[in-house]
Amino acid sequence: MSTAPAPGPRDSKPSQPDQSKPRPRPALIFDDPLDQQSSDDTDRGWGERAPAGGSAADLARFLDEKPPHHI
């Protein structure tokens with residue numbers, strides 16, 4: 001015979017965190033979202049490269065963006 005307790009339901013209440021300290025509430029922000037610049041408002045948001053300058057960079061961009069009928 002075993003002296004171990006029979007398996008059965010455990011505590012029905014899970015251990016709860018310390019309730020004496022209230023959790024901070026998330027801050028509400030009432031700013032106008034249209035006042036902020038989105039990534040779509042920039043050239044980088046549309047997939048443009050940062051201006052590198054120099055004739056080699058201009059030639060590389062021209063060759064990359066050349067339409068197919070200019071080949």
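Visitor: How many salt bridges does the structure hold?
Guide: The general idea is a Lys or Arg side-chain nitrogen within 4 Å of a carboxyl oxygen of Asp or Glu. In this predicted model, the structure holds 1 salt bridge.

Visitor: Which residue forms a salt bridge with Glu65?
Guide: That's Arg61, and the closest N and O atoms of the pair are 3.3 Å apart.

Visitor: Is Arg61 buried, partly exposed or exposed?
Guide: The middle class runs between the 20% and 50% cut-offs for relative accessible area. Arg61 has 40% relative accessibility, so it counts as partly exposed. Glu65 lands in the partly exposed class because its value is 48%.

Visitor: What share of the chain counts as buried?
Guide: Buried means under 20% relative accessible area. Here, 0% of the 71 residues count as buried. The chain's accessible surface comes to about 7900 Å², and carbon and sulfur atoms account for 55% of that.

Visitor: Which residues form a nonpolar patch on the surface?
Guide: Look for Leu59, Phe62 and Leu63, which together have about 310 Å² of accessible area.

Visitor: And where is Leu59 found?
Guide: Leu59 sits in helix 1, which covers residues 55–64. As for the chain overall, you'll find 1 helix and 0 strands.

Conventions: Residues are numbered from 1 along each chain as its sequence is written. This is a predicted model: local features need pLDDT of at least 70, side-chain atom pairs count only at pLDDT 80 or more; totals for chains, interfaces and linings use all residues. Side-chain values use heavy atoms; hydrogens and water are left out. Helices (H or I, at least four residues) and strands (E, at least two) are DSSP runs, numbered from the N terminus. Buried means under 20% relative accessible area, exposed over 50%, partly exposed in between (1.4 Å probe, protein chains only). Accessible areas come from the Shrake-Rupley method with a 1.4 Å probe; for residues, only the protein chains shown count as cover. Patches are made of residues with over 30% relative accessible area and no salt bridge: like charges are joined within 9 Å, nonpolar side chains (Val, Leu, Ile, Met, Phe, Trp, Tyr) within 5 Å.
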